[in-house]
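The sequence and structure come before the numbered points.

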Amino acid sequence: MSSEFLRVGIVDNDPCALYAVGLVLRHVCNVSHCRCEIWEETDPAKAVRRCCEARPQTDVILVDMSLGGISGVQVCRMIRRKSPTVGVIGITAYDCATYRDALIDAGAQALLDKSRIGECLKPAIMAVSRGLPYPENGGFMSVADSVDHVHHGPEPVPSLTAQELLVIQLDSQHLSIGEIAERLHISPVTVSSHRRNIRRKFNVHTWSAVVDQCREMHVI
């Protein structure tokens, strides 16, 4: 990382965890003499847009696996489907085995235990920023191979936006439309509009049919 310039994003819905990971990343960049621009986001939908659409482009993104209503695995899959170049690193405070296989299938390049992030973040970013998996023989795919895998594999859900996925996830927690609106900082009318769009994308007429399909696809 000594002479490179990297743009690295972090998404974690816990502001304290986000701050802590950011501190570790900045320390790693400083001691490695790496010129690194770091951005942080608590909102998964905004993070996906910022990672895949903003310029200059993000090189590597760190994605927490539990994002308060949406799985980090789903966020990783959305990023991979939208970007053929960004490297994705999952991070978690839970047992990595819980997410490992699903994250590989979603197109990520690494999964790091937050309790060991200080010792493994530098080599992980060095590898993933070059499109390589970390560790080398850990079962994860390169960026190029993961793009091919995700785009040619079965579509787990219709093409939903990050906010539509959040609506589905929050609904599965038995929240009302008003409660979902409050959680997402949007109006109840917007939540209802999302639900209509989701039904249309699933090609069904009832919300219960959406829920049934989401359970079959392991979205909820």
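The points below cover the basis of the model, a helix and its surroundings, and salt bridges.

1. This is a predicted model, in which local features need pLDDT of at least 70, side-chain atom pairs count only at pLDDT 80 or more, and totals for chains, interfaces and linings use all residues. Residues are numbered from 1 along each chain as its sequence is written, and side-chain values use heavy atoms, with hydrogens and water left out.

2. Helix α3 (residues 72-82) is largely enclosed by the rest of the structure, because nine of its eleven residues are buried (under 20% relative accessible area; exposed is over 50%, partly exposed in between; 1.4 Å probe, protein chains only). Helices (H or I, at least four residues) and strands (E, at least two) are DSSP runs, numbered from the N terminus. The buried residues of α3 pack against α2 (44-53), β3 (60-64), β4 (87-92), α4 (100-105), α6 (143-152) and α7 (162-171), where contact means heavy atoms within 4.5 Å.

3. Arg77 is among the buried residues of α3, with a relative accessible area of 11%. Its side chain forms a salt bridge with that of Asp105 (2.8 Å, N to O); a salt bridge is a side-chain nitrogen of Lys or Arg within 4 Å of a carboxyl oxygen of Asp or Glu. Asp105 is partly exposed, at 35% relative accessibility.

4. The whole structure holds nine salt bridges. One of them joins Glu37 and Arg7 (3.1 Å, N to O). This pair links strand β2 (residues 35-41) to strand β1 (residues 5-11), 30 residues apart. Arg7 is buried at 6%, whereas Glu37 is partly exposed at 31%.

5. Asp12, Asp64 and Lys114 are linked in a network of salt bridges.
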